[in-house]
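Have the sequence and the 3D view open as you read.

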Amino acid sequence: MRHYHPVAWLLCALAFAACPPPDKEQPGSDSLAQLAPDYAATAEVQLRATWSVYLAAHPDQLRTLLEEPPARGGWVKFYNRDYRGALEAFEGATTPGGRLGLARTHLALAELYLQVFERALEADRKYLDMWQENAGRVPRTPFFDFMAGENAFHRGDFDMAVPALERYRKAAGDGPMGAVAAVLEGAVLAHNGDVDGAVRMWADPGISRFPEAARLISGLALEAGGAKAWRQAKAAVARARILQALGRKTKAGGAAEGGESAYAQRNQAYAAALLGDVDQASSILARVDPKQADYEERVALAHGSVVRRYYDPLVLKTFATIHATRALEVLESVPNAGIYRMRAERVLGRPLSSGADLPSVVDSSTLPVFLFSQYPTPADLASYAAWLRGGEASGRGLLDTFAQTIEPAVAGHDEADRKETRLVVALAQRYVDIGRRLAGEVGGEGAETVLGLETIETDAARAMRLSAGRLMARGRLLDALYLLEHVVEKDRDGFTYRNEPGLFVDIARVYCALGRYREAMNYFYRLVERYPECWLVQETLGNLSVLGTVDQAGRTGQQD
């Protein structure tokens, strides 16, 4: 039997040098003892319960997970944020650890797509606002109302959605996007409880001519009114003689083989995913070019015209639904996975399960629950579960302590001196120092492994990201950006354990909110390189960049 030196084998397998990244400029922390006198003692007690310290004492358990057949390599790829590679490696796994790895990978993708969907709605809304502000210089076409109505619909603002969709439908006349607008208006009725009114609207024979609209009915009916509304809508469609347009090859109501627009196929995939036919949904999306627009229009400017491309962000929700559904399927037979079931149900908009299957300790059976997760300790996992259920976080987790230390220390202080951001970075560094010391006290190969993988540093970075989110919610965009830029490892290419895809989405979001669209595009493009189906957000950021440079005469220039 061949024997490997555990540390050398693990670090080589993970393609991760066992050395710290270049030092970043640290703000002075000499006042930390005054601002947060109890933090070190409290954090040390909690850090002893982290899965990182447990792993330092039990490196053999990590090696067992990494070498588990037939999923060998899955955790390595998951650590490196190579989610598609992890799916391939975990596929066919039979052990609880391997099955949980497969489910967690699907969930990571589901939550990433949902995050991008939400950012797409924000970017589209910002684009609409800017378009409105520049209406005197950039012609406002009738399609503005469609975009405004659909964006409001996806955000749940039905009072704003209906008038805009009605205006567009009347202005556009007979056409596929007018039919889509009618379908969306019907969905608003269904969401408001008037399923009969929705069905009457969906039964309009004019919809049958346009697959873009007809194929959208099944998904919206199911989402808005449940299975009963879906059955009624299908019957109404049949009465209107458009059943052939919906098709009969899948439960979703159709399988267009060719000739249909990208928009029609994406809407068909959405319906298939909601009805649980995720294989069919995936098959449909695989044959659609992510850069093929759902709608195009030519807009005249002072010196020529430009083509504006529109993408419905609903396709991102479809990808999220596919992966969340697959995660739940896998989790049916996995113990200790209550938190991941709850998260998958949240993505799907379903009622959350009890969450009773939550581990309270880190041990050999629960390590796959915590390994490379966002939960440093079992208390952090329980706190997040409480938040998912709609209540307040328990406040007993290590990340809770981090946040609770900051608020009273900076209360009443002038925001201009950036005291809060400096304290966040100082606390994160203290977190790392204590964690590395505790891991080092264990000694041996386990300590070298944990220190080399920088799991403690990544947990501290996660605490900083949470602080950045709170700052952004309070409108302190530059402070949020300061923390996020401090977190990202700019010297490393691609995704890493710390540079997870969602981090780049977060940074792009702040740059977009600041009106710095080129910087937002630069960060978001890193995501698009790996996940081209997210291109639609990059397109909107590009539109914002161009629209932001339109001069008084309607000419476009370069953004500085």
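This is a predicted model: local features need pLDDT of at least 70, side-chain atom pairs count only at pLDDT 80 or more; totals for chains, interfaces and linings use all residues.

Residues are numbered from 1 along each chain as its sequence is written, and side-chain values use heavy atoms, with hydrogens and water left out.

The helices discussed here are DSSP runs (H or I, at least four residues), numbered from the N terminus.

| Helix | Residues |
|---|---|
| H8 | 96-133 |
| H15 | 262-274 |
| H17 | 314-331 |
| H18 | 338-348 |

Let's start with H15 and H17, which pack at an angle of about 30° with axes 9 Å apart; axes are lines fitted to C-alpha atoms over the stretch in contact, and angles run from 0 to 180 degrees between N-to-C directions. The two are therefore roughly parallel (angles under 35 degrees). On the H15 side, Arg266, Asn267, Ala269, Tyr270, Ala273 and Leu274 make the contact, meeting Leu314, Val315, Thr318, Thr321 and Ile322 of H17 (contact means heavy atoms within 4.5 Å).

Next comes H8, whose 38 residues reach 55 Å from first C-alpha to last, close to the expected 56 Å (1.5 Å times one less than the number of residues). H8 is mostly covered, with 28 of its 38 residues buried (under 20% relative accessible area, 1.4 Å probe, protein chains only).

Finally, look at Arg341 in H18. Arg341 is buried, at a relative accessible area of 18%. Beyond its neighbours within four places in sequence, Arg341 is in contact with Leu328, Leu331, Val334, Ser353 and Asp357.

Definitions and conventions
Angles under 35 degrees count as roughly parallel, over 145 as roughly antiparallel, 65 to 115 as roughly perpendicular and the rest as oblique. Buried means under 20% relative accessible area, exposed over 50%, partly exposed in between (1.4 Å probe, protein chains only).
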